Amino acid sequence: MKTTPNRSRAGRWLGLLAASLLTVGVAQAAPAASDTVQIHVDAKAAGKPFPHFWEQMFGSGRAILSLRDDYRKDLVAVHKATGFGYVRFHGIFDDEVGLFHLGKPGQPFYNAADTSSKDDKPVYNFSYVDQIYDGLLARGVRPFVELSFMPQAMSSDPKALQGFWYHPNIAPPKDYALWDGMIRAFAKHLIARYGIDEVSKWYFEVWNEPNIGFWAGKPKMATYFTLYDHTARALKSVSPRLRVGGPATAQAAEVSAFLAHVHAAHVPVDFVSTHVYGDDTAQNVFHTDEHISRKDMVCRAVAKVHKEVLASPYPKLPFIMSEYNASYANLPNVTDTVYMGPWLANTIRACAGKVNVMSYWSFSDVFEEGGVVRTPFYGGFGLIAADRIDKPSFNAFEMLHKLGDVQLPVTSDSALVTRRADGSLVLALWNYAPPVGDTATYTVGKPKGEVKHFQVDLSSLPADATARLWRLDATHGNAVAAFNRMGRPDFPTREQIATLRKAGKLGAPEQLKLSHGVLDVAIPPQGLVVVEVR
C-alpha cells in the first residue's frame, strides 16, 4: 500500500486572539434568516442509544512514563472530567521496563556486562510492570495492553530501531519460542497478581501500526500475521477469557485482510483495532485521489472499517479505533487551540453508531516520542500541556461528557441533542472553522467564518425549564490566549504557570431562563457551547 513520508509519529516530531464575543440571550431580536440555524427539539422523542464511545479510552506516552508523578496527576484529572476506563501506551516490553532478558536464573540483577552464552535462559522481572499497572488501577483506569515492542535480547535484528527518541526495537523475534514463552509468563503473572476476573476485563492488542514504520518484518503484513497468531494462541493457552485483537494498523488499513486471515487460520480474535488521523490522506486511507478535509477524515475512515467488519466473517466483532486525533503532526494551531472543540463535537456526531470505542491520542503531554518537551504549547497530542495546564481540548472533553445517553433527532450538522435518564436535555452546538495555520509554527490570526446564530425551539419542555450554558472559544477556557500574551515563553516561570493554569480552566456556567420556549445562542468561529436544560 502507499504510505505518506513521515506518517509515523517519529515523522511528526522531526519534521484566534480576535474572535467575536459569544452572546447568549433570551428573547433576543431574531437575526437574519441566512445567519440562523433553526433547531426544533422534541424532548419526548424516543431517540436512540448514545453510549459515550469517544471517552472510554485514551492513549498516552510510553509505558515507563506512567510512573511519573505528573503523568499520574494528569490521569486523575482526565478521569475526573470524563470517567474514562482504559489507557493505552507503547513499550511495555521495552528494555527500560526491564521485563525480559537472557541470563542466569537466580541472579538478583541484570548485568549488561555479562557475556552471553548458549546456556542463558529467559529471565523475567515484573517489578516495573507491577508498578505501572498498580498505578493505573489505583486511579480507576484499566490497561488496554499494547503488546510491544521487542526486547533487544529477543530481537532478530538488534539494530532495527524505530525513530522515536527512545528508539524501540521493531524487529520480529529471533525465536518464536522465546516470544511465546514471554507472552505466557506475562499473562500468568498478571492473572496471579490481579485475578482472572479483573484481567479478563482488559484488552490485549498485538503490536502497533505494523503496516508502516513500527514493524521491520518483511513482507510486513504476512510477518505480522505470524506474530499475531503466536501471540493470540499463547494468551488463550493461559486463559480463554483473555481478550486479544489487532491489527492496530495505521490509516485504517488491512482490516479486511486481517479478519480473513484469522478466520482462515482459525486464530482467536475478540476485537478489531486500527488508527486514523485527521490529516491522513485519501490516497493512504481510501486509495483515491479525492481531497477529504480534516473535519471529515476520521469518521469517513470509521465508516469504512465499520462496513468492512460487517462484511467479514465476524460482523458483530467489537471495533476499537485505538488511536485518533485531528492531526498526527505537532501543529500548534490544531491540537493546542479551541479548534478542537468543534472538531471533537463534529467527530462524535459523525462517528456515532459506527464504532464501539475511540481512543483519543493522547490524554497528556507527559510524552517523549520526539524528546523531552521544551515548551507547553508546541502542538502536542495531549489534553493537558506540560506543567498541568488544561488545553482547550481538555475543556471540550469535559463539556461533552455532560451529554446524555439517548440521542434525539436534529436536522443540523452543527448540533447534538441528547437526553439523560432524569429527563434533562443536554445540547452541544458549534461553529466549525478550519485551523488558522497547518504548520509546525503557531500562526496568529482570526479563523475564517462568521458568527453562527442558533435558535433552539424547546417548547416541548415545561414552562419553568431552566438552562445552564458552558462555552469554549477564543476568550473562554483558552490558555493559549494567555500564553500568547506572555510571548510564548519556552520555559514559563512558576508565576506564569499559575496564570496559565487559571486561564485554562473551564468557566462557571451561565444560568439562563427560556423565553417562550426558545433559546437564542450566537457562537463565533471555532466556538463550542454545551447547554443543560432541566
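# Briefing: Salt Bridges, a Disulfide and Nonpolar Cores

Glu532 has a relative accessible area of 3% and is therefore buried, since buried means under 20%. The structure described here is a predicted model. It holds 26 salt bridges and one disulfide, and its largest nonpolar core has 129 residues. The points below take these features in turn, together with the surroundings of Thr347.

**The salt bridge of Glu532 and Arg468**

- Glu532 pairs with Arg468 in a salt bridge, and the closest N and O atoms are 2.9 Å apart.
- Arg468 is partly exposed, with a relative accessible area of 28%, whereas Glu532 is buried.
- In general, side chains of opposite charge can pair when their charged atoms come close.

**A network of salt bridges**

- Arg62, Arg68, Asp70, Glu96 and Glu368 are linked in a network of salt bridges.
- Within this network, Glu368 and Arg62 meet through their side chains at 3.2 Å, N to O.

**The disulfide**

- Cys299 and Cys351 form a disulfide, in which the sulfur atoms are 2.0 Å apart.
- Cys299 is in helix 9 (residues 294–310) and Cys351 is in helix 11, so the link ties together parts that are 52 residues apart in sequence.
- The angle about the S-S bond is -105 degrees, and the link of Cys299 and Cys351 is left-handed.
- Cys299 is buried, with a relative accessible area of 7%, and Cys351 is buried, with a value of 0%.

- Thr347 is found in helix 11, which covers residues 340–351.
- Its relative accessibility is 2%, so Thr347 counts as buried.
- A polar atom of the Thr347 side chain lies 2.8 Å from the backbone oxygen of Trp343.
- Leaving aside neighbours within four places in sequence, Thr347 is in contact with Val298, Cys299, Tyr324 and Met358.
- One of these contacts, Cys299, is a partner in the disulfide with Cys351.

**The nonpolar cores**

- In the largest nonpolar core, Tyr133 and Phe186 are the residues with the most contacts inside it.
- Helix 4 (residues 176–194) supplies the largest share of this core, namely ten residues.
- Not counting residues up to four places away in sequence, Tyr133 touches Phe89, Ile92, Pro143, Val145, Phe186, Leu190, Tyr194 and Trp202.
- A second, separate core has 27 residues, including Phe454, Ala465, Leu514 and Val531.

Note on methods
Residues are numbered from 1 along each chain as its sequence is written. This is a predicted model: local features need pLDDT of at least 70, side-chain atom pairs count only at pLDDT 80 or more; totals for chains, interfaces and linings use all residues. Side-chain values use heavy atoms; hydrogens and water are left out. Helices (H or I, at least four residues) and strands (E, at least two) are DSSP runs, numbered from the N terminus. Buried means under 20% relative accessible area, exposed over 50%, partly exposed in between (1.4 Å probe, protein chains only). A polar contact is a pair of N or O atoms within 3.5 Å; within protein, one must be able to donate a hydrogen and the other to accept it, and residues adjacent in sequence count only if both atoms are side-chain atoms. Contact means heavy atoms within 4.5 Å. A nonpolar core is a set of buried Ala, Val, Leu, Ile, Met, Phe, Trp, Tyr and Cys residues joined through side-chain atoms within 4.5 Å. A disulfide is a pair of cysteine sulfur atoms within 2.5 Å. A salt bridge is a side-chain nitrogen of Lys or Arg within 4 Å of a carboxyl oxygen of Asp or Glu.
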